[in-house]
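This briefing is meant to be read beside the sequence and the model.

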Amino acid sequence: MLLLFLCCLSPAAAGKLLVIPVEGSHWLSMREVLVELNKKGHEIVVIVPDSKMLIDSSAIYEMKTYPVPFKKEEMEEILRSVSANTFSNDSFLTRFMNTWNNFKKSSAMFQASCSSLLYNKEMMKYIEESKFDVIFTDPLTPCGQIIALKFSIPTVFFLRGIPCAIDIHAAQGPDPPSYVPRMFSANTDHMTFSQRVKNFLLSLSEPFTCSIFLSGFETLASDFLQKPMTITQLLGHGSIWLRRLDFVFEYPMPIMPNMVFIGGINCGQKKPLSQ
């Protein structure tokens with residue numbers, strides 16, 4: 001009986017993968033995954049705005065573009081500002097306000113890009129008719145997940161993290177402020193009582209802060225899917241979360257079974273230090 005059963009099994013077939021990436025350093029890590037998937041015979045289609053920066057055509061995937069109402073230079077300027085603020089030694093308040101302004105600008109640009117894709121009839125028709133097996137996307141912008149729900153396609157997320165721990169809440173994971181440091185708090189996982197209070201207050205402010213930047217995506221998703229939808233509900237439909245981090249550089253935190261840590265991928269391409 002076992003032999004008969006084994007005869008009925010066939011080797012795993014290659015799949016058809018739709019990729020909706022995020023520009024910048026996010027793409028550089030994602031491309032490494034696509035290289036390996038291509039070696040395994042998967043068919044890959046990457047959809048990007050025509051104002052792309054680092055994403056370029058390649059033999060390992062087919063690339064399709066769609067028009068957006070902004071220029072490549074505008075996106076490059078926002079990324080430069082985000083990078084400068086990340087490595088800044090300014091005070092907490094200054095860094096917070098700079099991050100706030102950068103989030104507002106980048107969020108508006110990502111929403112414009114997402115809207116251009118969702119309401120591009122030719123592109124939506126192509127996606128529907130192509131019968132993709134899975135969508136591989138960066139949930140920093142939920143556009144890929146909106147499309148996944150529209151056409152009932154499973155989703156694999158590729159990310160490092162999302163502000164306000166939205167990824168943790170979407171996956172229904174615990175997020176205790178008692179020992180998980182909040183963004184910009186400068187806390188570690190070993191805190192004094194006053195630091196825990198600060199951490200707790202920051203965690204209370206996160207839903208309000210992030211709702212300002214993400215409400216546009218929620219409206220966009222609700223209108224396109226024809227039903228009320230929050231970001232947490234939207235990302236809660238993700239099947240697998242591939243997270244570009246590990247506990248070597250990150251503080252310990254609870255994770256869910258469908259979250260896989262792949263922090264080592266960031267070290268895939270390395271250059272030797274000069275003399």
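Is Lys 131 buried or exposed? Lys 131 is exposed, its relative accessible area being 63%, where buried means under 20% relative accessible area, exposed over 50% and partly exposed in between, with a 1.4 Å probe and protein chains only. The model is a predicted one, in which local features need pLDDT of at least 70 and side-chain atom pairs count only at pLDDT 80 or more, while totals for chains, interfaces and linings use all residues. Residues are numbered from 1 along each chain as its sequence is written, and side-chain values use heavy atoms, with hydrogens and water left out.

**Backbone with positive phi**

- Lys 131 has a positive phi of about 55° although it is not a glycine, and its place is in the loop between α5 (121–130) and β4 (134–137); helices (H or I, at least four residues) and strands (E, at least two) are DSSP runs, numbered from the N terminus.
- Gln 226, also not a glycine, has a positive phi of about 60°; Gln 226 lies in the loop between α8 (193–225) and α9 (231–235) and is exposed, with a relative accessible area of 69%.
- As background to these two entries, most residues other than glycine have a negative phi, and most peptide bonds are trans.

- The axes of helix α3 (residues 72–86) and helix α4 (residues 92–118) come within 10 Å and cross at roughly 155°, where axes are lines fitted to C-alpha atoms, for helices over the stretch in contact, and angles run from 0 to 180 degrees between N-to-C directions.
- α3 and α4 are therefore roughly antiparallel to each other; angles over 145 degrees count as roughly antiparallel, those under 35 as roughly parallel, 65 to 115 as roughly perpendicular and the rest as oblique.
- α3 passes α4 in a left-handed crossing, a term used if the near helix is turned anticlockwise from the far one by less than a right angle, the right-handed case being clockwise.
- On the α3 side the contact includes Glu 74, Met 75 and Ile 78, and on the α4 side it includes Arg 95, Asn 98 and Met 109, contact meaning heavy atoms within 4.5 Å.
- By class, the contact of α3 with α4 has four nonpolar, six polar and three charged residues; Ala, Val, Leu, Ile, Met, Phe, Trp, Tyr, Cys and Pro count as nonpolar, Asp, Glu, Lys and Arg as charged, and the others, Gly among them, as polar.
- α4 also packs with helix α6 (residues 143–150), at an angle of about 25° and with the axes 10 Å apart, so that α4 and α6 are roughly parallel to each other.
- α4 passes α6 in a right-handed crossing, and Cys 114, Leu 117 and Leu 118 in α4 meet Cys 143, Ile 146 and Ile 147 in α6; the residues of this contact divide into six nonpolar, no polar and no charged.

**Salt bridges**

- A search of the whole structure finds six salt bridges, each a side-chain nitrogen of Lys or Arg within 4 Å of a carboxyl oxygen of Asp or Glu.
- Glu 36 forms a salt bridge with Lys 39, the closest N and O atoms being 3.4 Å apart; both residues lie in helix α2 (residues 25–39), three residues apart, about one turn of the helix.
- Within this pair, Glu 36 counts as partly exposed at 41% relative accessibility, whereas Lys 39 is exposed at 61%.
- The side chains of Arg 160 and Glu 250 meet in a salt bridge (2.2 Å, N to O), a pair that links distant parts of the chain, with Arg 160 in the loop between β5 (155–159) and α7 (166–170) and Glu 250 in the loop between β6 (240–243) and β7 (259–261), 90 residues apart.
- Arg 160 is partly exposed, with a relative accessible area of 43%.
- Asp 167 and Arg 243 meet through their side chains in a salt bridge (3.0 Å, N to O); Asp 167 lies in helix α7 and Arg 243 in strand β6, so the pair ties together parts that are 76 residues apart in sequence.
- Asp 167 is buried at 2% relative accessible area, and Arg 243 counts as buried at 4%.

**The loop residue Pro 67**

- Pro 67 lies in the loop between β3 (62–66) and α3 and counts as exposed at 52% relative accessibility.
- Leaving aside its neighbours within four places in sequence, Pro 67 is in contact with Asp 50, Ser 116 and Asn 120.
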